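Here's a quick briefing to read with the model open beside you. Take a look at the fold before going through the points.

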Amino acid sequence: MSDSSLETIPTVDDALFSARDIETGYGELQVLYGVDIDIRQNEIVLVFGPNGAGKSTLIKALYQRLPLWGGEVEIDGSDLSDVNSNQMIEHGIGFVPQTENVFPNLTVAENLDIGAIHVTNPESRRAALLELFPRLKERLMQTAETLSGGERQMLAMARALMPNPELLFIDEPSAGLSPQLIERTFDHIAQIRESGTAVLMIEQDVNAALSVADRGYVLEMGENRFEGDAMSIRESQQIRDLYLGR
């Protein structure tokens with residue numbers, strides 16, 4: 001793929017999740033201007049771009065934590081445009097926000113129990129997630145506030161995965177983590193995809209995220225700027241110069 005073809009934002013015919021012409025903002029300030037995004041089943045999709053591009057605004061809008069001013073959101077062909085954020089998990093979408101993503105005064109086990117409110121077989125689901133995040137098995141009776149940053153991120157992802165969503169939104173999974181923990185976090189994200197859950201993530205550490213992502217979208221000034229598979233993005237001199245710092 002050439003750099004020029006990266007500028008085309010194609011429609012994915014076999015998408016699990018699609019968003020079209022997304023517009024939103026805060027108060028009278030518009031932040032997003034007609035953003036499109038698609039996610040296939042079992043795919044990791046990365047959204048990145050410069051500060052102020054609207055990345056976190058996008059993920060909040062897609063999860064209905066911000067009202068849509070315009071556009072449509074669908075999963076499996078079902079319209080989610082008027083669905084409240086607290087109903088999104090019923091439609092197969094989980095969310096790990098960047099901050100306040102665990103209950104600090106509750107134990108690891110209690111955090112997982114809260115994530116299991118809509119789960120019919122919570123013990124089986126918890127066992128599966130403790131296999132995916134074995135460090136949490138050693139910390140079940142500790143309160144979340146005593147966990148390291150990396151362990152908290154594991155707990156936040158595990159709690160969001162308890163209902164076994166088709167798609168997981170993750171906002172800045174590496175924020176505040178050491179390089180070693182960043183690598184481990186993205187390993188876990190790859191394992192989440194392998195377990196059958198697609199992932200949409202917003203991430204500033206683009207090089208690390210591209211090591212596990214299948215495709216990526218670049219936002220700039222609230223609009224789609226580039227889209228491509230992870231290899232094409234890594235190989236694009238223009239994207240390296242503008243966004244990857246090398």
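What follows covers the sheets, the helices, the cores and a few single residues.

This is a predicted model, in which local features need pLDDT of at least 70, side-chain atom pairs count only at pLDDT 80 or more, and totals for chains, interfaces and linings use all residues. Residues are numbered from 1 along each chain as its sequence is written, and side-chain values use heavy atoms, with hydrogens and water left out. Helices (H or I, at least four residues) and strands (E, at least two) are DSSP runs, numbered from the N terminus.

- Four strands make an open sheet in the order 2-1-4-5, with antiparallel pairing; two strands pair if DSSP finds at least two bridges between them.
- Its edges are strand 2 (29–39) and strand 5 (78–79), each pairing on one side only.
- Strand 1 (residues 17–26) and strand 4 (residues 70–75) run antiparallel and share five bridges, and Phe17 sits opposite Ile75 in strand 4.
- Helix 1 (residues 55–62) lies across strand 1, strand 2 and strand 4, at about 115 degrees to strand 1. Axes here are lines fitted to C-alpha atoms, for helices over the stretch in contact, and angles run from 0 to 180 degrees between N-to-C directions.

- Strand 6 runs parallel to strand 7 (residues 167–171), joined by four bridges, and Ile93 stands opposite Leu167 in strand 7.

**Helix 2 and its cover**
- In helix 2 (residues 108–115), the buried residues are Val108, Ala109, Asn111, Leu112 and Gly115. Buried means under 20% relative accessible area, exposed over 50%, and partly exposed in between (1.4 Å probe, protein chains only).
- These residues are on the same side of helix 2 because they cover an arc of only 160 degrees around the axis, taken from the directions from the helix axis to the C-beta atoms.
- Their cover includes helix 3 (122–132), helix 4 (134–137) and helix 5 (149–161), where contact means heavy atoms within 4.5 Å.

**Nonpolar cores**
- The largest nonpolar core has 49 residues, and Phe48, Phe133 and Met201 have the most contacts inside it. Such a core is a set of buried Ala, Val, Leu, Ile, Met, Phe, Trp, Tyr and Cys residues joined through side-chain atoms within 4.5 Å.
- Helix 5 supplies the largest share of this core, seven residues.
- Apart from it lies another core of 33 residues, among them Leu16, Leu62, Leu66 and Ile202.

**A buried glutamate**
- Glu151 is in helix 5 and is buried, at 6% relative accessible area.
- Its side chain makes polar contacts with the side chains of Arg135 (3.2 Å) and Arg139 (3.1 Å). A polar contact is a pair of N or O atoms within 3.5 Å; within protein, one must be able to donate a hydrogen and the other to accept it, and residues adjacent in sequence count only if both atoms are side-chain atoms.

**Positive phi**
- Most residues other than glycine have a negative phi.
- Asn42 has a positive phi of about 55 degrees; this residue lies in the loop between strand 2 and strand 3 and is partly exposed at 42%.
- Met221 also has a positive phi, near 55 degrees, and is found in the loop between strand 9 and strand 10, exposed at 65%.
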